[in-house]
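Q: Please take a close look at one part of this model, the span that UniProt annotates as a domain. Describe how that part is built and what lies around it.

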Amino acid sequence: MTNLAILLQLNGHWDSVGRYNDFNVDGIVVSEDSNYNQLNYAIAEHLMINTSEKIIKIKYIVNERCPPMEIRNDIGVRVYMETKKENRSLGMYPLCSSIQGNNVNKIDFLFATCVIGSILPLAYVVVGSEDDAAWNSLFEQFKDAYGKKPNMCVVSDRNESILKATSIVYTRMPHYACMWHIWTNIRSKFKKDHLKLSELYFATTRSYTIDEFNERMSKIEEIDVRVKAYLYDIGYHRWSWVHATVNRTWTMTSNIAESLNAVTRDARELPILDLLEYMRTFLESWNNEKLLKVKGTFTYLGEKYNKELEDNRTLSQKMRVRASTDHIHTVLDGAKRFIVCLQNKRCCCGQFQLDELSCPHALAALRHRDESYENYCSPYYTRESLLKTYETPVDPLPDESKWNVS
Ligand SMILES: [Zn+2]
């Protein structure tokens with residue numbers, strides 16, 4: 001994979017003869033194999049633009065006799081890359097990027113994650129603007145269809161309207177902040193040591209014990225005391241797994257909302273009926289793809305969880321176990337000592353209860369007791385649960401002549 005350094009020309013304007021004037025300059029490095037979403041994302045990330053609110057129009061000039069070429073899709077990116085590869089010097093073929101408000105249809109998604117241990121888009125809404133009324137109506141309709149289930153929580157970008165709507169529709173439901181959005185905010189507010197901070201921040205959100213959390217927080221404080229204060233003000237329970245009151249097992253381990261937004265970006269410019277049909281077929285194939293994957297899995301747990309379990313099993317091999325009672329075991333991992341309670345499915349490493357998957361120490365204790373792991377993992381991780389989830393079809397839409405519109 002070869003990288004290309006590309007000059008960006010920003011915030012300029014096009015004149016009547018196709019020249020880009022009064023711009024600022026910046027630069028990005030992207031892989032020659034990038035597709036449209038990757039290029040768009042690289043520019044947005046570098047310029048810290050929230051692409052759900054803004055659109056980036058990318059154009060470049062091939063030669064002075066041609067009007068500028070606009071990059072709209074993967075083919076456009078390929079043509080650009082092939083051209084740019086011919087002349088790699090930074091000043092050649094700059095990308096002229098203008099940033100505009102997103103005045104096309106806006107699509108927002110609701111996902112179920114923790115309940116099934118895997119991402120399942122539950123609902124989406126097309127709105128003109130993200131205001132209180134739009135969010136209220138989405139959550140009310142969602143509640144009608146889905147009801148209220150135990151251990152539900154909301155994870156959002158802390159948009160005021162979402163906070164308001166959920167507190168009205170789902171009173172007292174815990175509300176958490178999306179860790180990816182927090183990171184984007186930290187990066188734009190505090191311009192210091194992003195590389196070190198990013199690694200440390202994500203490790204802190206995923207800390208399994210309070211000690212581990214505190215240790216990482218003091219390292220963050222050493223790097224930039226303002227970042228610690230910022231995270232403290234949001235409330236630790238809103239973004240740290242170990243502080244959360246609802247177990248957020250495996251929640252938001254990837255920036256899924258952004259990647260779905262990227263996939264549906266082009267569709268937003270379609271007329272409303274075409275847009276809805278695009279979304280329906282998109283979710284139909286998304287669901288079917290997941291279903292085929294589960295059908296091709298032959299382990300008791302789904303593929304991702306089975307891999308995690310196997311890794312834990314490997315780690316457990318060298319551990320020594322001393323039973324204290326039927327359920328309580330002391331597990332020695334070299335010089336470190338861990339207490340596992342199989343009855344309560346807890347280990348002092350924190351991983352057993354937070355991941356709801358047997359940690360290496362629990363697996364060592366289970367081996368000592370000659371018992372299998374099946375009853376010590378969340379039932380939601382099993383192949384059977386995943387199969388049930390994705391077997392629910394996204395209903396096909398009949399031909400337009402058969403619609404009953406009254
Ligand atoms: Zn453990």
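A: Helices (H or I, at least four residues) and strands (E, at least two) are DSSP runs, numbered from the N terminus. This is a predicted model: local features need pLDDT of at least 70, side-chain atom pairs count only at pLDDT 80 or more, and totals for chains, interfaces and linings use all residues. Residue numbers start from 1 along each chain as its sequence is written.

UniProt, in an unreviewed entry, places "domain: SWIM-type" at residues 338–370. UniProt positions follow the numbering used here, feature names are shortened, and annotations may be inferred rather than shown by experiment. The span 338–370 is 42% helix and 18% strand. Its end C-alpha atoms lie 19 Å apart.

Now the sheet. Strands pair if DSSP finds at least two bridges between them. An open sheet of 4 strands runs in the order S12-S13-S14-S15, with antiparallel pairing. S13 (residues 328–333) and S14 (residues 336–341) are joined by 6 bridges, in the antiparallel sense. Leu332 stands opposite Arg337 in S14.

Next, the helix. H13 (residues 360–368) lies across S12, S13, S14 and S15. H13 runs at about 115° to S13. Axes are lines fitted to C-alpha atoms, for helices over the stretch in contact, and angles run from 0 to 180 degrees between N-to-C directions. Contact requires C-beta atoms, placed from the backbone, within 7 Å.

For context, the chain has 14 helices and 15 strands. Of the chain's contacts with a separation of 6 or more, 57% link residues 24 or more positions apart.

Notes
Two residues are in contact if their C-beta atoms, placed from the backbone, lie within 7 Å.
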